[in-house]
Amino acid sequence: WEELLSRLSGLSSLVLKNCNQLTDAALFTIINACPNIGRLCIQGCPLLTSGTLEQMPVLCTALRDLDVGVLLAVADSTITLLIENCPSLHSLRMRGCQRVTDVGAASLALSSTLTTLKIGGCRAVSENGLMAIAKGSSPYATLDLSDLEMSVTDASLTELLKNKGKTLRALNVANTPRLTAPALGKIHLYGRELRKLNLGGSGRLTDEA
């Protein structure tokens with residue numbers, strides 16, 4: 001890694017998706033050698049631990065686009081450090097990060113720069129966490145809330161649409177069985193700018209919506 005990265009210190013985008021053997025030491029070497037990385041994908045790298053992930057935002061303050069999907073090491077503290085140290089972060093993909101809770105959601109609500117947020121499958125985020133995100137100031141254009149079976153409710157979806165409907169262009173609420181037809185009907189009131197909508201698995205969708 002050292003020899004390769006010594007020639008790539010100006011690297012701005014790096015994809016390491018599903019690198020099953022990527023270790024903390026290797027990632028630490030990368031982020032030290034490439035402080036200007038703006039886009040980083042480390043989705044599906046199971047050997048990474050929370051310690052290195054928490055150093056990443058401090059060392060990579062230029063991050064704009066980060067994918068940490070299905071990393072069990074991602075926790076609330078990781079999210080808090082990202083929001084505190086990466087002022088240009090506009091895209092965060094963290095699908096299936098099971099350790100992120102409402103505490104992490106509250107940190108997300110403090111951001112004013114996020115336009116893409118993918119938290120599908122983060123089942124420890126409750127309805128209250130989604131409410132906090134809805135009341136934050138980020139101008140979301142893309143939201144993935146799929147597979148949040150207990151969190152996406154009529155109340156949380158309505159709050160999100162009311163607060164983010166003017167900027168929202170893509171919404172994924174697939175496999176959220178608590179939604180009822182009246183709430184889905186709110187989409188035509190508050191989500192008129194939507195261009196992509198995924199309602200797959202919405203078993204309560206009826207003619208009433």
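**Inside a predicted chain: a working chat**

Biologist: Is D65 buried or exposed?

Modeller: D65 is buried, because its relative accessible area is 15%. Here, buried means under 20% relative accessible area, exposed means over 50%, and partly exposed lies in between, with a 1.4 Å probe and protein chains only. The model is a predicted one: local features need pLDDT of at least 70, side-chain atom pairs count only at pLDDT 80 or more, and totals for chains, interfaces and linings use all residues. Residues are numbered from 1 along each chain as its sequence is written, and side-chain values use heavy atoms, with hydrogens and water left out.

Biologist: Where is D65 placed, and which residues is D65 in contact with?

Modeller: D65 sits in strand β3, which covers residues 65-67. Apart from neighbours within four places in sequence, D65 is in contact with G38, R39, L40, L89, S91 and R93. Contact means heavy atoms within 4.5 Å.

Biologist: How many helices and strands does the chain have?

Modeller: There are 9 helices and 8 strands in the chain. Both are DSSP runs numbered from the N terminus: helices are H or I with at least four residues, and strands are E with at least two.

Biologist: Why is the chain described as compact as a globular protein of that length?

Modeller: The radius of gyration is 18 Å, close to the 17 Å from the globule rule for 209 residues, so the chain is as compact as a globular protein of that length. That radius is taken over C-alpha atoms, and the rule is 2.2 Å times the number of residues to the power 0.38. The C-alpha trace spans about 60 × 25 × 25 Å along its principal axes.

Biologist: What share of the chain do buried residues make up?

Modeller: Buried residues account for 48% of the 209 residues. As for contacts between residues at least 6 apart in sequence, 79% join residues at least 24 apart.

Biologist: Which residues have the most contacts inside the largest nonpolar core?

Modeller: I42 and L63 have the most contacts inside that core, which holds 57 residues. Elements giving two or more residues to this core include α3 (50-59), α4 (76-85) and α5 (102-108). Helix α2 gives the most, with 4 residues. A nonpolar core is a set of buried Ala, Val, Leu, Ile, Met, Phe, Trp, Tyr and Cys residues joined through side-chain atoms within 4.5 Å.

Biologist: What does I42 touch?

Modeller: Not counting residues up to four places away in sequence, I42 touches L16, L22, L27, L48, L53, M56, D67, V68 and L71.

Biologist: How many positive and negative side chains does the chain have?

Modeller: The chain has 20 positive and 18 negative side chains, and the centres of the two sets lie 7 Å apart. Lys and Arg count as positive and Asp and Glu as negative, while His and the chain ends are not counted. Each charge is placed at NZ of Lys, CZ of Arg, CG of Asp or CD of Glu.

Biologist: What is the phi of N18?

Modeller: The phi of N18 is near 60 degrees, a positive value in a residue other than glycine. Most residues other than glycine have a negative phi. N175 likewise has a positive phi of about 60 degrees without being a glycine. N175 is in the loop between β7 (170-172) and α8 (181-185).

Biologist: Finally, where is the place of S126?

Modeller: S126 is in the loop between β5 (116-118) and α6. S126 counts as partly exposed, because its relative accessibility is 25%. Setting aside neighbours within four places in sequence, S126 is in contact with D102 and S151.
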